[in-house]
Amino acid sequence: MYAVNLARYQRYPDCKRRGLRALPPLALFTSKECHYSIKKGAAFLGLGTDSVRVVKADERGKMIPEDLERQISLAEAEGAVPFLVCATSGTTVLGAFDPLEAIADVCQRHGLWMHVDAAWGGSVLLSQTHRNLLDGIQRADSVAWNPHKLLTAGLQCSALLLQDTSNLLKHCHGSQASYLFQQDKFYDVALDTGDKVVQCGRRVDCLKLWLMWKAQGGQGLERRVDQAFALARYLVEEIKKREGFVLVMEPEFVNVCFWFVPPSLRGKQESPDYSERLAKVAPILKERMVKEGSMMIGYQPHGTRGNFFRMVVANPALTRADMDFLLNELERLGQDL
């Protein structure tokens, strides 16, 4: 929401004073796999959810740059003014990373603000082994990153990183309240962030990240990321060995998506009601594991796919034994289905 507001203000600075009256119909673009906060932000900012143009994603959940081009042309033909593209690095369900270099090329051609939602996947930059997933992120105008996700900093710990060096946040959000943000203090008032943000008072998120980074070091945080990838790979290989477990797809991140096929459905893939019956398995097993108190794993449908489990391997305390337990427990809880 911050990025959308900054991009809008940069192009139409008069909107801060005159509001929506100063604006033509605007269009922003994001993939069908995006986080719901994009549409929520458009609604809050008065752009309306119809201003969000949804770009197609491929079978792995990555934005298709060619369709982005097509959607931009379509919006212009309909009289809208494109102003921002939101790419995603680490989608919520499949853990997909959009092709940032190609998207940056499109943004550059059309003069659009490029925002990267790296809330989930941004921490991969700390890994020398896996940071290539974020190739092109240096070309973004803004990046959102949540260290409270993959790095497991305490909730909440969120960062907005900007390419801009003109103090755009203050120009866009500042209200110059003289009773709070005095300019004649004895220290550098550029350090006052209060007038740059929407909330006046908020917790000091950056302190949690700073303390964790000081305690773990850059190498420690890199090991945390690499360990998550290694454990996710171990889980994938174990799923392939076991009867009754089916991968949705090979993951490129630490989101491991799979179905548990109970004994009564094995070998019945050709049955007309197979998909419908399989979709009911995950909710039943979720209820059983919660009531048992043994596990907590998310599930969801996705497009035409019925409910499947999404095991997110992020907790640095997890071990291979935990991955084995996860599969054993699903077998135990689902043996009578």
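1. A friendly place to start is the lining of the largest cavity, whose residues divide into two nonpolar, one polar and four charged. Those residues are Lys170, Phe181, Gln183, Val189, Asp192, Asp195 and Lys196. Please keep in mind while reading that this is a predicted model.

2. How much space do these residues surround? The volume of the largest cavity is about 60 Å³. Searching the whole structure turns up three cavities of 30 Å³ or more. As background, rolling a probe the size of a water molecule over the atoms shows where empty space is left.

3. Next, have a look at the sheet. Six strands make up this open sheet, with mixed pairing, and their order across it is β2-β1-β3-β4-β5-β6. At its edges are β2 (52-55) and β6 (159-162), each of which pairs on one side only. From one strand to the next, the twist averages 20°.

4. Strand β3 covers residues 81-88 and strand β4 covers residues 113-117; the two run parallel and are joined by five bridges.

5. Helix α5, made of residues 100-110, lies across β3 and β4. Relative to β4, helix α5 runs at about 155°.

How values were computed: Residues are numbered from 1 along each chain as its sequence is written. This is a predicted model: local features need pLDDT of at least 70, side-chain atom pairs count only at pLDDT 80 or more; totals for chains, interfaces and linings use all residues. Side-chain values use heavy atoms; hydrogens and water are left out. Two strands pair if DSSP finds at least two bridges between them. Helices (H or I, at least four residues) and strands (E, at least two) are DSSP runs, numbered from the N terminus. Axes are lines fitted to C-alpha atoms, for helices over the stretch in contact, and angles run from 0 to 180 degrees between N-to-C directions. Contact means heavy atoms within 4.5 Å. On a 1 Å grid over the protein atoms alone, a cavity is a set of points where a 1.4 Å probe fits but cannot get out, and a pocket is an open set with protein on both sides within 12 Å along at least five of seven lines; lining residues have an atom within 4 Å of a point. Grid points are joined across faces, edges and corners, and a volume is the space filled by probe spheres set on the points. Ala, Val, Leu, Ile, Met, Phe, Trp, Tyr, Cys and Pro count as nonpolar, Asp, Glu, Lys and Arg as charged, and the others, Gly among them, as polar.
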